[in-house]
Amino acid sequence: MIDAGPVDPAAQVTRSGGVPLAPSGTVWPCCAECSGPMQFLAQVVLDDLAGEVEGRGVLALFACQNDPGMCGDWEPDSGGNRAFLFPAEDLVPLPQPADADETLLQLGSVRTVSLVQVGEPDYDLAGEEWATRNGRPASSVLGQLGGTPAWIQNDETPVCPSCASRMSLIVQLEEGPDHSTAMNFGGCGGAYAFACEPCGSAKFLWQC
Ligand SMILES: [Zn+2]
Ligand SMILES: [Zn+2]
């Protein structure tokens with residue numbers, strides 16, 4: 001996933017930042033630890049994954065940033081973050097909670113991505129090679145869609161809460177090239193989002 005710059009904040013495309021899209025009636029998620037509203041980080045259109053299947057849904061990622069480091073937002077089961085797998089149809093901008101600080105709910109920039117296919121199977125090497133070959137900074141690489149997680153720490157592949165099978169990687173995300181508007185994964189970390197599409201479940205964690 002290569003940084004492709006700003007996009008309409010409500011576009012139904014794979015992006016970080018902007019406005020979350022959700023089925024009508026969805027309530028903005030709050031942190032199980034501190035009860036505050038979470039920050040919307042990113043959405044991923046699953047149709048962008050390799051394959052011919054259409055209408056696979058949209059993954060939406062949120063994490064608590066009310067008191068960074070205090071709510072376990074790096075853990076898949078702490079309640080300090082949320083991942084949703086929404087159906088692809090009939091999504092609308094999710095209304096913000098009343099009286100919330102908008103700068104806590106949204107990132108300071110909206111970035112979409114372009115997708116490139118590389119032969120190198122190792123994620124870190126693939127990114128370095130692509131950046132060198134194209135004369136772009138390594139920070140233009142914003143992650144990988146599908147594939148195998150390139151763990152910074154131990155393998156933490158979650159299991160589906162409904163069927164107990166290991167979940168599939170949907171996206172691995174870098175924080176972003178601009179620190180003032182980047183997602184917070186500990187300062188130089190990466191996030192990993194998983195789904196079990198048959199069960200409609202999703203989980204999210206980050207490491208650094
Ligand atoms: Zn919290
Ligand atoms: Zn499942």
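Which residue of strand 4 is the bridge partner of Arg-15? The answer, Gln-43, belongs to the sheet described in point 4.

1. Basis of the model. The structure is a predicted model, in which local features need pLDDT of at least 70 and side-chain atom pairs count only at pLDDT 80 or more, while totals for chains, interfaces and linings use all residues. Residues are numbered from 1 along each chain as its sequence is written, chains are lettered from A and ligands numbered from 1 in the order in which they are written, and side-chain values use heavy atoms, with hydrogens and water left out.

2. Ideal angles for four tetrahedral donors are 109.5 degrees. Cys-64 and Cys-71 are both buried, where buried means under 20% relative accessible area, exposed over 50%, and partly exposed in between (1.4 Å probe, protein chains only).

3. Cys-196 counts as buried because its relative accessibility is 8%, whereas Cys-199, at 33%, counts as partly exposed.

4. Six strands form an open antiparallel sheet in the order 1-8-2-4-5-6. Its edge strands are strand 1 (2–3) and strand 6 (81–86), each of which pairs on one side only. Strands are DSSP runs of E of at least two residues, and helices are runs of H or I of at least four, both numbered from the N terminus; two strands pair if DSSP finds at least two bridges between them. Strand 2 and strand 4 are joined in the antiparallel sense by two bridges, and Arg-15 has Gln-43 of strand 4 as its bridge partner.

5. Strand 9 and strand 10 are joined by three bridges, and Gln-144 stands opposite Gln-172 in strand 10. Six bridges link strand 10 to strand 11, where Ser-168 stands opposite Ala-195. Strand 11 (residues 190–196) and strand 12 pair over seven bridges; Phe-194 has Lys-203 of strand 12 as its partner. Strand 10 (residues 168–174) is largely enclosed by the rest of the structure, because five of its seven residues are buried.

6. Cavities. The whole structure holds two cavities of 30 Å³ or more. On a 1 Å grid over the protein atoms alone, a cavity is a set of points where a 1.4 Å probe fits but cannot get out, and lining residues have an atom within 4 Å of a point. Grid points are joined across faces, edges and corners, and a volume is the space filled by probe spheres set on the points. The largest cavity has a volume of about 100 Å³. It is lined by 15 residues, of which Met-1, Arg-15, Ser-16, Val-113 and Leu-173 are the closest to its centre. Strand 4 gives the largest share of this lining, three residues.

7. Largest pocket. The largest pocket contains about 640 Å³ of space; a pocket is an open set of grid points with protein on both sides within 12 Å along at least five of seven lines. Among its 27 lining residues, Val-116, Gln-117, Val-118, Gln-144 and Leu-145 lie nearest its centre. Helix 2 (123–134) and strand 9 each supply at least two residues of the lining, and the largest share, five residues, comes from helix 2.
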